[in-house]
Amino acid sequence: MFNILKNWIVSALIIVGVAYLLPMIGVGVSVASFVVALKVALVLGLVNAIIRPIILFFTLPLTILTLGLFVFVVNALMIMLTASLINGFIVEGFVSALIFSLALSFFNNLLKSGGRRGERSGRVYEESEIRD
């Protein structure tokens, strides 16, 4: 239960941070407050858990044809859907949603991995444990 709450708050902080940084480079994304970011994190999580798999299933041929690049389009559409459902979360167009989803994925993966590079999160086994 604590991990779910922690991930929710971390995701909301990432959303606020990304929404703060992207307008500096001309990307039209804004979040009104941290409470709105909490709502965005919750709704985006639900949209990604329920609607995104269905969309990915039906767009699988197009995803294969584009060698997986169409998944970025689906992610941007999920951001746009979330923006249409939450007041105070504004995404100005498809390109803004695409850049926001890329930045959100990058920072989410960076923070959830703890900054580890090239390291597997599995347990390290000693040679004697492998033979047993």
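These legends walk through several close-up views of a predicted model.

Residues are numbered from 1 along each chain as its sequence is written, and side-chain values rest on heavy atoms, with hydrogens and water left out. Because the model is predicted, local features need pLDDT of at least 70 and side-chain atom pairs count only at pLDDT 80 or more, while totals for chains, interfaces and linings use all residues.

**View 1. The whole chain, to get your bearings.** The protein chain has six helices and two strands, where helices (H or I, at least four residues) and strands (E, at least two) are DSSP runs numbered from the N terminus. Of the 132 residues in the chain, 30% are buried; buried means under 20% relative accessible area, exposed means over 50%, and partly exposed lies in between (1.4 Å probe, protein chains only). Among contacts with a separation of 6 or more, 65% link residues 24 or more positions apart, a contact being heavy atoms within 4.5 Å.

View 2. Helix α2 covers residues 34-58. Its 25 residues reach 34 Å from the first C-alpha to the last, close to the 36 Å expected at 1.5 Å a residue; the expected span is 1.5 Å times one less than the number of residues. At isoleucine 51 the helix bends by about 40°, and proline 53 follows within four residues. The bend is the angle between axes fitted to the seven residues ending at a residue and the seven starting there. Buried residues of α2 include Val36, Val40, Val43 and Val47. The buried residues of this helix pack against α1 (2-21), β1 (29-31), α4 (70-85), β2 and α5.

**View 3. Where α4 meets α5.** The axes of these two helices come within 8 Å and cross at roughly 105°. Axes are lines fitted to C-alpha atoms, for helices over the stretch in contact, with angles from 0 to 180 degrees between N-to-C directions. Residues making the contact include Phe72, Ala76 and Leu77 of α4 and Leu98, Phe100 and Leu104 of α5. Take a look at leucine 98: this residue is partly exposed, with a relative accessible area of 23%, and touches Phe72 and Ala76, not counting residues up to four places away in sequence.

**View 4. Phenylalanine rings in pairs.** The structure holds three aromatic pairs. Rings of Phe, Tyr and Trp (its six-membered ring) pair if their centres lie within 6.5 Å; planes under 30 degrees apart count as stacked, over 60 as edge-to-face and the rest as tilted. Phenylalanine 89 and phenylalanine 100 have ring centres 5.7 Å apart and planes at 55°, so their pair is tilted. Phenylalanine 89 sits in strand β2 (residues 89-91) and phenylalanine 100 in helix α5 (residues 94-112), so the pair ties together parts 11 residues apart in sequence. Both of these phenylalanines are buried. Phenylalanine 106 and phenylalanine 107 form an edge-to-face pair, 5.1 Å centre to centre with 75° between the planes. Phenylalanine 107 is partly exposed at 30% relative accessibility.

**View 5. Threonine 63 in helix α3.** Threonine 63 belongs to helix α3 (residues 60-65). This threonine is buried, with a relative accessible area of 11%. Leaving aside neighbours within four places in sequence, threonine 63 is in contact with Gly68, Phe70 and Val71.
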